[in-house]
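The exercises that follow ask you to read a structural model step by step. Try each task on your own before turning to its solution.

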Amino acid sequence: MLKTYIPWWLKLSTKVVLSRLPISYNFWKNLTLISHGGMDEPEYAYQVFTQHFNRFQPPKQDFISLELGPGDSLFSALISKAYGGGKTYLVDVGDFADKNIKKYQAMAQFLKAKNLPVENIESCQSLTDILDLCSASYLTSGLTSLKNIPDGSVDFIWSHGVIELIRRTELLETLKELRRIIKPNGICSHLIPLVDSLGELNSLKFSQNIWESDFMFDSGFYANRLRYSQLLELFKTAGFATEVVQTRQWDVLPTPKSKLSKEFMAMSDEELSIYSFSVILQPA
């Protein structure tokens with residue numbers, strides 16, 4: 001695809017411009033220029049959910065789940081219900097979910113083909129109707145939404161490529177909220193890429209003051225740039241015990257350390273080489 005060959009600096013410039021045009025997110029998504037993940041494809045959504053759900057063993061009937069950052073679809077409400085879920089929270093920082101009922105009907109058909117019990121959504125007139133059938137709540141105020149969920153009420157929390165997108169100044173508070181709402185025997189499962197849409201380590205070339213400015217945060221390519229060991233320390237500070245399930249790393253750094261901002265130049269090659277990892281978090 002053409003976008004594979006676009007230089008990182010051109011991606012950055014383009015997103016800065018697009019983010020400031022008075023045009024809706026759905027318009028850009030339809031042009032495939034901007035999107036919040038691939039969760040609007042049934043096969044992909046199912047694979048992602050089950051990847052995390054399989055770590056939640058043994059799951060109990062009527063479990064309470066929370067997806068952090070559902071992005072372009074709320075398919076996990078249907079999937080969670082099909083796996084015996086009671087209530088589902090879907091928490092995001094904005095209303096990005098596709099409202100096309102036909103897509104949710106396609107998701108339901110996909111689940112039926114796998115012989116899973118599925119709510120009958122054929123008569124639903126809106127996404128709200130579907131969420132009601134699935135006992136799901138779509139909350140779109142980010143950290144504020146998390147604060148309104150009762151203490152110790154959730155069995156299973158998961159996210160896929162979301163933790164790294166939470167603003168650095170809000171991440172610890174967000175993790176503490178997840179710790180507050182998880183049950184004593186509950187688990188959190190997270191996949192955390194350590195690269196952003198600029199690719200490789202290009203975002204690490206900017207100083208902290210520039211990168212954490214409101215201008216950069218609002219430009220459509222933000223990642224908090226926290227590295228592997230820093231995130232593990234934050235999980236501990238928030239009150240979690242951490243089990244690292246998998247790490248992925250480059251054999252050779254794709255961006256020379258000499259081109260990075262000073263704070264990253266001081267890090268080891270081993271630290272910088274980790275570009276993705278998966279963790280299970282449980283109350284410590």
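This is a predicted model: local features need pLDDT of at least 70, side-chain atom pairs count only at pLDDT 80 or more; totals for chains, interfaces and linings use all residues.

**Exercise 1. Into which classes do the residues of the lining of the second largest pocket divide, and which strand gives the largest share of that lining?**

Step 1. List the lining, which consists of Arg 55, Phe 56, Gln 57, Pro 58, Lys 60, Asp 155, Asn 185, Gly 186 and Ile 187.

Step 2. Sort these residues by class, with Gly placed among the polar ones, and the lining divides into three nonpolar, three polar and three charged residues.

Step 3. Turn to the secondary structure: strand β5, residues 182–193, supplies the largest share of the lining, namely three residues.

**Exercise 2. How many cavities of 30 Å³ or more does the structure hold, and which residues line the largest cavity?**

Solution. Step 1. Count the cavities at that cut-off, which gives one cavity of 30 Å³ or more; the volume of the largest cavity is about 50 Å³.

Step 1. Collect its lining, made up of Glu 164, Pro 193, Leu 194, Val 195, Asp 196, Ser 203, Ala 223, Asn 224, Arg 225, Leu 226 and Arg 227.

Step 2. Classify these residues, and the lining of the largest cavity is found to have five nonpolar, two polar and four charged members.

**Exercise 3. What span does helix α5 reach, which of its residues are buried, and against which helices do they pack?**

Solution. Step 1. Helix α5 covers residues 101–113, and its 13 residues reach 19 Å from the first C-alpha to the last, close to the 18 Å expected at 1.5 Å a residue.

Step 1. With buried taken as under 20% relative accessible area, the buried residues of α5 are Ile 101, Tyr 104, Gln 105, Met 107, Ala 108, Phe 110 and Leu 111. In reading such a list, recall that an α-helix has 3.6 residues a turn, so residues three or four places apart point the same way.

Step 2. These buried residues of α5 pack against α3 (42–53), α4 (75–82) and α6 (127–133).

Step 3. Examine the two ends: at the start of α5, a side-chain oxygen of Asn 100 comes to within 3.0 Å of the backbone nitrogen of Lys 102, whereas α5 is followed by Asn 115, which has a positive phi near 60 degrees.

**Exercise 4. How many helices and strands does the protein chain have, and what percentage of its residues is buried?**

Solution. Step 1. The protein chain has 13 helices and seven strands.

Step 1. Of the 284 residues in the protein chain, 49% are buried.

Technical notes. Residues are numbered from 1 along each chain as its sequence is written. Side-chain values use heavy atoms; hydrogens and water are left out. Helices (H or I, at least four residues) and strands (E, at least two) are DSSP runs, numbered from the N terminus. The expected span of a helix is 1.5 Å times one less than its number of residues. Buried means under 20% relative accessible area, exposed over 50%, partly exposed in between (1.4 Å probe, protein chains only). Contact means heavy atoms within 4.5 Å. A polar contact is a pair of N or O atoms within 3.5 Å; within protein, one must be able to donate a hydrogen and the other to accept it, and residues adjacent in sequence count only if both atoms are side-chain atoms. On a 1 Å grid over the protein atoms alone, a cavity is a set of points where a 1.4 Å probe fits but cannot get out, and a pocket is an open set with protein on both sides within 12 Å along at least five of seven lines; lining residues have an atom within 4 Å of a point. Grid points are joined across faces, edges and corners, and a volume is the space filled by probe spheres set on the points.
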